[in-house]
Amino acid sequence: MKESLAVPVDPSTHPANAWAERMQQIAAFGSHECRSKDTVHSAICTITGTPDQLVLNLACTAKSEDHVSELMQYVNDTLLPQMENSLGIQFEVRNLQFAVAGKENLALPSEPLDAALHPQQDWLEQPFIAPSLTPTGGLDFGRGGTPSDLSIA
């Protein structure tokens, strides 16, 4: 009896899967390296394409506008060359996006509206009631509030 020498192929060792996994690891490295900077609010990196045409997408958000140029220099001069060296291939396309994180709680606490300046109208409570025209030419929504002029002057 002859024994079979064939070895089943494990999909995890397939070259295409190994390449995709390697790209994912390097992209995760790029995201982690950006996020590890104290001046960085958030970062995400992806690598797509084939070895012939690698596409890098990196979005990095700085904590303040003062740190953006420093962050751009770090990414271009240090991080991307490290990533290319790890892959052994240069990126064909580099989609780099830098932004500044927004301020939290910019909105002021809401205050109640002055009823005289902003009369409440029925259409807010009953939006399907048809308004009627008043003798002044405005719309009357039934509460006796001041007529509204909806024309564009």
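Leaving out residues up to four places away in sequence, leucine 56 touches Cys45, Thr46, Ile47, Leu80, Met83, Phe91, Val93, Arg94, Asn95 and Leu96, where contact means heavy atoms within 4.5 Å. This is a predicted model, in which local features need pLDDT of at least 70 and side-chain atom pairs count only at pLDDT 80 or more, while totals for chains, interfaces and linings use all residues. Residues are numbered from 1 along each chain as its sequence is written, and side-chain values use heavy atoms, with hydrogens and water left out.

Leu56 is also among the residues with the most contacts inside the largest nonpolar core, together with Cys34, Ile47, Val75, Met83 and Phe91. That core has 22 residues. A nonpolar core is here a set of buried Ala, Val, Leu, Ile, Met, Phe, Trp, Tyr and Cys residues joined through side-chain atoms within 4.5 Å; buried means under 20% relative accessible area, exposed over 50%, and partly exposed in between (1.4 Å probe, protein chains only). Two or more core residues come from each of helix H1 (15–35), strand E1 (40–50), strand E2 (53–62) and helix H2. Helices (H or I, at least four residues) and strands (E, at least two) are DSSP runs, numbered from the N terminus. H2 supplies the largest share of the core, eight residues. In soluble globular proteins, nonpolar side chains tend to be buried together.

E2 pairs with E3 in the parallel sense over eight bridges, pairing being taken as at least two DSSP bridges between two strands. Within this pair, threonine 61 stands opposite alanine 99 in E3. With H2, the two strands make a right-handed β-α-β unit: with the strands pointing away from the viewer, the path from the first strand over the helix to the second runs clockwise.

The loop between E1 and E2 holds proline 51, which is partly exposed at 40% relative accessible area. Beyond its neighbours within four places in sequence, proline 51 is in contact with Trp19 and Ile89.

One salt bridge is counted, defined as a side-chain nitrogen of Lys or Arg within 4 Å of a carboxyl oxygen of Asp or Glu. Arginine 94 and glutamate 84 form it, at 2.7 Å from N to O. Arginine 94 lies in strand E3 (residues 93–100) and glutamate 84 in helix H2 (residues 68–87), 10 residues apart. Arginine 94 is partly exposed, at 38% relative accessible area, whereas glutamate 84 is buried, at 9%.
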